Amino acid sequence: MACSRVLMKSNGKVKKRIVAELELKAWGDIGDTDFDPGKEEEEQGVALKKSADSDKSTAEFPDSSTEMERSDTEEDGAPRVHQANPELKSEEARQQERDFRKKLNREARETVSASIHSKIKLIVHRPDFDLESKREYQSLSRELLPVVREIARKTMPLLAHDDSFDFGKHQYYGSKFQADSIAYRDFRYFAKKRPPTDSPSLAVGVRVDESASMSAFGRLEAAKQAVIAVYEFCQLCRIPVLIYGDTADVSRLEQMSMYAYADFEHPDANDRFRLMGIRARSNNRDGMALRVMADRLAGSAAQTRLLISISDGQPKAMEDYTGSLAVQDMQQTLAYYERKGVTFLAAAIGQDKDVIHDIYGSDRFLDISHLPELPAQLVRMIARYL
């Protein structure tokens with residue numbers, strides 16, 4: 001960069017004007033293939049220098065277009081948020097999403113058709129995401145991901161053993177006794193050999209209560225961090241995962257709303273951003289949500305199906321879904337799907353912990369007294385079932 005000064009005279013006054021000249025140098029002639037970029041005497045690029053008298057505005061606002069040329073991850077491994085509009089989906093991809101959403105609605109309504117929820121107007125949504133979702137995900141996941149990776153790293157030896165098709169753990173019977181499993185009191189004390197074509201050892205579901213009370217005391221953010229941790233852990237360990245949220249009484253035409261943020265039948269790398277759509281909305285009809293999710297898990301090929309419910313309160317929805325009626329419905333749902341091989345855990349994060357404990361029982365209850373511990377606690381709990 002060279003600067004020349006031009007003096008101009010106007011009305012008897014001398015004005016100084018700075019003209020910036022940029023000199024670009026090319027190494028070799030066009031088509032010259034003999035250039036050696038390793039020679040020390042060659043210039044290593046174009047250096048741009050700005051004079052002290054020049055306008056500062058262009059230096060204060062960096063060009064966002066350079067953001068797109070970096071890698072897709074930050075230095076700490078977190079997904080990078082690109083400063084551009086999300087790539088538009090093809091019409092085929094949009095049609096696949098619509099077809100999958102219709103399938104989810106059809107199956108969910110069939111699942112509850114023989115229950116007390118048969119007349120409840122249900123809609124299963126497949127939430128979308130935007131740039132703000134990506135930014136929020138990056139912000140919430142930055143400190144979580146190193147912890148999740150460390151837990152996954154310690155879990156990998158179990159997965160390597162699992163993939164060797166040697167022994168499947170946590171069986172009711174088998175040829176190898178596992179003394180360390182007695183502490184779980186689930187009668188799965190044995191391991192048995194599995195053929196190479198056997199099913200995955202674990203599938204995980206997370207149900208998030210999206211009732212209005214979740215907006216209090218940082219519960220919503222804790223729930224989002226928890227599902228991020230579970231989702232990323234399952235991705236690292238190749239565990240099928242489904243994550244749904246639910247609320248009730250949005251309107252008379254939508255008495256029950258479920259939100260399919262991630263589903264192992266239709267995996268999508270962008271599901272991690274959909275998780276940011278979790279909101280505090282209205283009431284909660286827990287038994288119906290558990291029934292729909294447990295039915296999806298029961299239909300999976302995994303040997304162990306774990307369904308975790310994150311909730312801050314007891315079930316309550318219009319017209320009279322509360323009290324003993326709701327408790328009875330939930331307990332019947334738990335018993336029915338446990339016979340189908342689904343294991344339930346309740347992560348209680350609110351003021352109704354005693355009620356949730358009574359509904360689920362001690363063996364299915366996690367008392368989360370300190371919300372920042374929720375993500376790591378859930379991930380470690382899932383790792384125990386591998």
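Analyst: A salt bridge here is a side-chain nitrogen of Lys or Arg within 4 Å of a carboxyl oxygen of Asp or Glu. The model is predicted, so local features need pLDDT of at least 70 and side-chain atom pairs count only at pLDDT 80 or more, while totals for chains, interfaces and linings use all residues. Residues are numbered from 1 along each chain as its sequence is written, and side-chain values use heavy atoms, with hydrogens and water left out.

User: How many salt bridges in the whole structure?

Analyst: The search finds 23. One of them joins the side chains of Glu91 and Arg94, at 2.8 Å from N to O.

User: Where do Glu91 and Arg94 sit?

Analyst: In helix 2 (residues 91–112), three residues apart, about one helical turn. Helices are DSSP runs of H or I, at least four residues, and strands are E runs of at least two, numbered from the N terminus.

User: Glu265 and Lys103, what's the N to O distance?

Analyst: It's 2.6 Å for the Glu265–Lys103 salt bridge. That pair links distant parts of the chain, 162 residues apart: Glu265 is in the loop between strand 9 (254–262) and helix 6 (271–274), and Lys103 is in helix 2.

User: What about Glu150 and Arg153?

Analyst: Their closest N and O atoms are 2.5 Å apart, in a salt bridge. Both residues lie in helix 4 (residues 144–163).
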